[in-house]
Every structure is written in structure tokens, then in C-alpha cells.
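Subject: Structure for you to look at

Hello,

I am passing on the structure that we spoke about, and below it you will find notes on what came out of it. Please keep the picture open while you read.

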Amino acid sequence: MADGSTPPSSEPGGPVPAVRPFLVTAGRVAPDPSGRTMPVETQVVATVEGLAVLDRLAFEQHDIVAACRIPQSIAEIAARLRLHLNVVRILAEDLRTAGQLTVHVPDTDVTHDASVLRRLIDGLRAIPDSRGVLRDTD
């Protein structure tokens, strides 16, 4: 721009971060020593405490808590903020430990139920495309 500032990004999530994932997580590849990771469908929501300290949080942590004013899945946060999925998992666990996020892990028996997936697929097929045409079925 004429004033030397950069133009606003037209991309919905802003520019892609240039910081390497291992720098954001201080080299950690798992949220805890056991190596367990949160499933991508895990729902997280900011706590009152998290929102109260929002301005004091560092970059990615701030963005995660701000995005979680409404419940979001780990996958949604990673996509929206354009962060590596494992980075979001690690930072979300850190934020949960600090009391700034509440984490709701779904029941794994339900998420692996084929009938749930079938209903999901059927529901997606029932949504018309931009021309109002329904998608083909099996």
C-alpha cells in the first residue's frame, strides 16, 4: 500500500503462519508424556478464565481461545487458524491444563458406529449444491 502497510489478506483465515510447528510447541510432538493425542472431533470451548486472560496469551494460544468462544472441534480450529493439527492438539492440552479451555472428548463407541457415518453421508447428500441440484446417492 502507499503508506507502507501490507494490504489486508483476502484469505478467510489470514496468511499462513511462517513459524515452524516445532517452534510453536517448543519441540513437543505429544501433549503429555504418555503420547496420547486428542481425537480430531474433540470439542473445545473457552472458559471464563481463558477469556479473562485472552490479552495476555501468546500468539497461537490467543487465537485458539478467541476462536473457542463457541465450541469448536480440534479439526475446525486447525483449519480456521491454518495451524498444523498436532500443534492445535498440544496447545489445546496446554490451555486445558491452565484452565483456559474446557475439552469434551466424544464417546468413541458412538464415533466408530457405522450407522452414524451412514446418516452423516445421507445428510450431506441431501444438501443441494450451488445450482440447487442434489448429489447422487450410492
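Helices (H or I, at least four residues) and strands (E, at least two) are DSSP runs, numbered from the N terminus, while buried means under 20% relative accessible area, exposed over 50% and partly exposed in between, with a 1.4 Å probe and protein chains only.

This is a predicted model, in which local features need pLDDT of at least 70 and side-chain atom pairs count only at pLDDT 80 or more, whereas totals for chains, interfaces and linings use all residues. Residues are numbered from 1 along each chain as its sequence is written, and side-chain values use heavy atoms, with hydrogens and water left out.

Leaving aside neighbours within four places in sequence, Ile-64 is in contact (heavy atoms within 4.5 Å) with Ile-77, Leu-81, Val-88, Leu-91, Leu-95 and Leu-101. Leu-101 also lies, with Val-103, on the covered face of strand 3 (residues 101-104), while Thr-102 and His-104 form the uncovered one. Strand 3 runs antiparallel to strand 1 (residues 43-46), to which four bridges join it, and Gln-43 stands opposite His-104.

Best wishes

Conventions. Pairing = 2+ DSSP bridges.
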